[in-house]
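Please consider the predicted model shown below. The paragraphs that follow lead from the overall fold to individual residues.

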Amino acid sequence: MLGPDACTMKCPQCQAEIQTGIKTKPGLVPIFSGILICFVGCVLGCCLIPCFIKDCLDVEHFCPSCNAYLGRFKRFL
């Protein structure tokens, strides 16, 4: 199970013992939150705020050794 933080595991591609690298990307939570903020009436850039909150973003894990994609931790509404 991959979580929101980097974890230690064996890479299925290169078989190395690694600490996963992580990249954050907007998922469903910031997109729907931004749409909700627009409907409330805050349209002057306030709808982008959820895209900058770390606890709202999905996390992709990859192997720093061979750069293989290992999985994604998705945030849910």
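Of the contacts (heavy atoms within 4.5 Å) in the protein with a separation of 6 or more, 53% are between residues 24 or more positions apart. This is a predicted model, in which local features need pLDDT of at least 70 and side-chain atom pairs count only at pLDDT 80 or more, while totals for chains, interfaces and linings use all residues. Residues are numbered from 1 along each chain as its sequence is written, and side-chain values use heavy atoms, without hydrogens and water.

Along the sequence, the secondary structure follows the pattern β-β-β-α-β-β; helices (H or I, at least four residues) and strands (E, at least two) are DSSP runs, numbered from the N terminus. The protein is more spread out than a compact globule, because its radius of gyration is 16 Å, well over the 11 Å that the globule rule gives for 77 residues. That radius is taken over C-alpha atoms, and the rule is 2.2 Å times the number of residues to the power 0.38.

Of the 77 residues, 30% count as buried, that is, under 20% relative accessible area with a 1.4 Å probe and protein chains only. One of the buried residues is Cys56, at 15% relative accessibility. Cys56 lies in the loop between helix H1 (28-40) and strand E4 (58-62). Leaving out residues up to four places away in sequence, Cys56 touches Val29, Pro30, Pro50 and Arg75. The C-alpha atoms of Cys56 and Val29 are 6.0 Å apart, although 27 residues separate the two in sequence.

Technical notes
Buried means under 20% relative accessible area, exposed over 50%, partly exposed in between (1.4 Å probe, protein chains only).
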